[in-house]
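Hi everyone, and thanks for coming. Please have a look at the sequence and the model on the screen, and then I'll walk you through a few places in it.

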Amino acid sequence: MTYRMEDLPPEQRERLEELFEKYRAIAAMYYWSKRLGLEEGVKRALERAREELPSYWRRTFNESSPLYAFNVEKMKRPRKQVLKLPLTDALGEHDGAYIYKDNESKESKLVVRLGNRERLELPIPERALRWLKEKEDEVAPLKVHKTVRIQWRPERAQALKVQIVFRVQRPRPPQPDPKNALLVYIDVNSSYGIAAIFASFDGQRVKVHETLKLRPPNRGRRLKEAAKQQRAAAYGSKPNINWAIARLTEKFDAEGWKKKAIAEIFKKALVYAKGKSIWMNFDIPDIEKLRNSYLQKTLSVKKIAENLANWYGIYVEFRCYSSRRCPLCGGELKEFKTTRTRVEQCKCGFYEDRDYVPFHNWLRTLNLPLPKWPLRTLPKPNDPEA
Ligand SMILES: [Zn+2]
């Protein structure tokens with residue numbers, strides 16, 4: 001959810017700005033001291049946090065809290081523009097943020113405690129509330145831990161980004177029996193996007209339920225979409241929200257696209273599994289190959305997949321299988337290009353869309369027979385010059 005700072009009442013805005021300023025200074029001091037091994041600096045930072053920040057804003061400095069935000073081994077820079085605090089269910093808890101429905105106006109609000117008795121009240125659209133409820137129902141009866149993440153950059157002072165992050169704790173599921181599981185192979189490819197194959201063994205052979213290729217929207221379509229939203233904003237009832245969306249669409253948020261694409265794959269897997277266990281393998285290429293591609297920061301694909309796998313209790317692995325080795329005879333495959341697809345072929349007669357070859361090799365290591373190939377109709381590679 002994105003809000004405009006100028007829409008906030010001045011005293012809330014001032015308090016938020018003050019809080020961010022203090023937090024940023026303390027966060028930077030804490031992070032760099034920690035990174036440089038300066039115990040004294042860490043101690044100072046914590047002291048200042050105790051003096052200047054409300055208690056529920058301090059959990060980001062507590063290493064044993066799930067809100068801890070300074071994993072110096074993994075982070076190159078401190079996240080000083082982000083404030084995190086727990087979202088609680090009960091109004092009475094004097095902690096963090098809560099959602100409140102005004103009985104008169106029927107409007108729901110996210111109330112964020114800012115300390116010094118100041119609160120930030122942000123309207124939440126009905127649609128977002130429904131989504132929150134659906135998410136919780138998905139994993140019921142497991143308890144969901146909710147966190148509010150507030151992001152604000154002074155250099156982009158007009159926009160305040162607020163996210164509600166869900167987390168559920170459960171043990172990693174055991175490795176399923178490949179003969180009885182839904183098998184999902186996901187190929188993350190820098191040249192076009194993400195390909196997924198959904199398959200299962202029916203006792204005789206491996207049946208492929210679906211092959212799916214997801215591509216990020218191209219620029220032309222994105223701009224058209226943005227223009228549509230800008231028109232909606234000009235006439236609509238919720239101009240702020242629509243303007244914000246329009247701006248986002250214009251920029252194209254690669255991170256958002258990846259999240260949506262991967263979530264779609266998980267949703268499909270749950271449908272095809274019909275209650276069976278699921279084994280997913282994400283084939284994520286070497287980061288070096290991805291320079292200058294939209295998937296450049298693709299390690300986050302792993303993060304997104306891990307989060308969703310934990311959310312749904314799905315067994316997931318991240319292994320790469322060859323797209324150059326023949327899954328039938330082990331020979332080296334030769335590639336030829338058609339206008340739309342890159343096809344790999346072997347002297348033994350095997351040929352397949354390059355993006356699906358690793359899937360066959362995966363099945364081999366699982367000791368499963370190969371499905372009928374090619375998975376989708378391809379031009380016959382009779383002529384190597386084709
Ligand atoms: Zn072969």
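Let me begin with how the elements are named: helices (H or I, at least four residues) and strands (E, at least two) are DSSP runs, numbered from the N terminus. This is a predicted model, so to speak of local features we need pLDDT of at least 70, side-chain atom pairs count only at pLDDT 80 or more, and totals for chains, interfaces and linings use all residues. Residues are numbered from 1 along each chain as its sequence is written.

Let's look at helix α2, residues 39–52.

Next, which residues of α2 are buried? A residue is buried if 20 or more other C-beta atoms lie within 10 Å of its own, exposed if 12 or fewer, and partly exposed in between, with C-beta atoms placed from the backbone. In α2, the buried ones are Val-42, Ala-45 and Ala-49. They cover an arc of only 65° around the axis, which puts them on the same side of α2; the arc is that of the directions from the helix axis to the C-beta atoms. Over on the other side, Glu-40, Lys-43, Glu-47, Arg-50 and Glu-51 are exposed. And what do the buried residues of α2 pack against? That would be α1, residues 10–36, where a contact needs C-beta atoms, placed from the backbone, within 7 Å.

On to the strands. Two strands pair if DSSP finds at least two bridges between them. Strand β2 (residues 82–88) runs antiparallel to β6 (residues 144–152), with five bridges joining them; Lys-84, for instance, has Arg-149 in β6 as its bridge partner. β2 also pairs with β3 (residues 97–101), this time in the parallel sense and over two bridges. There, Leu-87 is bridged to Ala-97 of β3.

Now the interior. A nonpolar core is a set of buried Ala, Val, Leu, Ile, Met, Phe, Trp, Tyr and Cys residues joined through C-beta atoms within 7 Å. The largest has 41 residues, and those touching the most other members are Val-184, Ile-186, Ala-196, Ala-269, Ile-278 and Met-280. At least two residues each come from β8 (182–189), β9 (193–201), α6, β11, α7 (299–312) and α8, and β9 gives the most, with seven. A second, separate core of 31 residues includes Trp-57, Leu-83, Leu-87 and Val-148. You'll remember Leu-87 as the bridge partner of Ala-97.

Finally, some backbone details. Ala-140 and Pro-141 are joined by a cis peptide bond, with omega about 10°, and Pro-141 is found in the loop between α3 (126–139) and β6. Another cis bond runs from Trp-373 to Pro-374, with omega near -10°; Pro-374 is in the segment after α8 (357–365).

Where do we find Lys-274? Its place is the loop between α6 (254–273) and β11 (278–283). Lys-274 has a positive phi of about 45° although it is not a glycine, and it counts as exposed because it has 8 C-beta neighbours inside 10 Å. Asn-367, in the segment after α8, has a positive phi too, near 60°, and is likewise exposed, with 8 other C-beta atoms within 10 Å.

How values were computed
Contact = placed C-beta atoms within 7 Å.
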